[in-house]
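Have a look at the sequence and the coordinates first.

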Amino acid sequence: HFTASLLPFSADLDRVLLVHHAKALRWLQPGGHIEAGDASIAAAARREGVEECGIPLDAELVPAELDAHLLGGRFACAEHLDIRFAVRVPEEAAPRVSAESLDVRWFAVDDPVVRSGVGLLVDRALRVLRPL
């Protein structure tokens, strides 16, 4: 299945917003399946971010990574091809937990939870978000 996800960063790029995914039972970036009504892959990532985190995502989404990964037994499909974006979100953004997540939380980019779960994605996303 094709999926789109995004990694929301604080404006200063010091923190990243992750969801504790109810099916995967781990901290991940928000994302999900691309739907027929999505105007683009970026639109799908934006929709998923709003659905899973409840934060406004008006800023430009920047492509950060293309990832293929196998899934465990709690998913309807066996593999995802995930197009991943990075985005800066407003400081006043107040995330909320969705039905698909057990929790939503800001983490420092060097937090052990981030480093052990999505550390490589965070590093790649920071490279595309930071000015040269």
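Predicted model: local features only at pLDDT ≥ 70, side-chain atom pairs only at ≥ 80, totals over all residues.

A125 sits in helix α2, which covers residues 112-129. Helices here are DSSP runs of H or I with at least four residues, strands are runs of E with at least two, and both are numbered from the N terminus. With a relative accessibility of 0%, A125 counts as buried (buried is under 20% relative accessible area, exposed is over 50%, and partly exposed is in between, using a 1.4 Å probe and protein chains only).

What does A125 touch, once neighbours within four places in sequence are set aside? It is in contact with L7, F9, A64 and A86, where contact means heavy atoms within 4.5 Å. L6 is 119 residues away from A125 along the chain, yet their C-alpha atoms are separated by 9.5 Å.

## Ground rules

Residues are numbered from 1 along each chain as its sequence is written, and side-chain values use heavy atoms, with hydrogens and water left out.

## Overall fold

The protein has two helices and seven strands, and from the N terminus they come in the order β-β-β-β-α-β-β-β-α. Its radius of gyration is 14 Å, close to the 14 Å from the globule rule for 132 residues, so it is as compact as a globular protein of that length. (The radius is taken over C-alpha atoms, and the rule is 2.2 Å times the number of residues to the power 0.38.) Along the principal axes, the C-alpha atoms fill a box of roughly 35 × 35 × 25 Å.

Of the 132 residues, 45% count as buried. Among contacts with a separation of 6 or more, 66% come from residues 24 or more positions apart. The protein exposes about 6900 Å², with carbon and sulfur atoms supplying 57% of that; the areas come from the Shrake-Rupley method with a 1.4 Å probe, and for residues only the protein chains shown count as cover.

## Salt bridges across the chain

Side chains of opposite charge can pair when their charged atoms come close. The rule used is a side-chain nitrogen of Lys or Arg within 4 Å of a carboxyl oxygen of Asp or Glu, and the count comes to ten salt bridges.

R124 pairs with E65, the closest N and O atoms being 2.2 Å apart. That joins distant parts of the chain, as R124 is in helix α2 and E65 is in strand β5 (residues 62-70), 59 residues apart. R124 is partly exposed at 33% relative accessible area, while E65 is buried at 13%. R84 pairs with D67 at 3.1 Å between the closest N and O atoms. R84 is buried, at 11%.

## The network around R47

Which residues are linked in a network of salt bridges? They are E35, D38, R47, E48 and E51. R47 and E51 pair at 3.2 Å between the closest N and O atoms; because they are four residues apart in helix α1, about one helical turn separates them. R47 is buried at 17% relative accessibility, whereas E51 is partly exposed at 34%.

D38 lies in the loop between β4 (31-33) and α1 (41-53). It is also buried, at 17%, and touches H33, A43, A44 and R47, not counting residues up to four places away in sequence.
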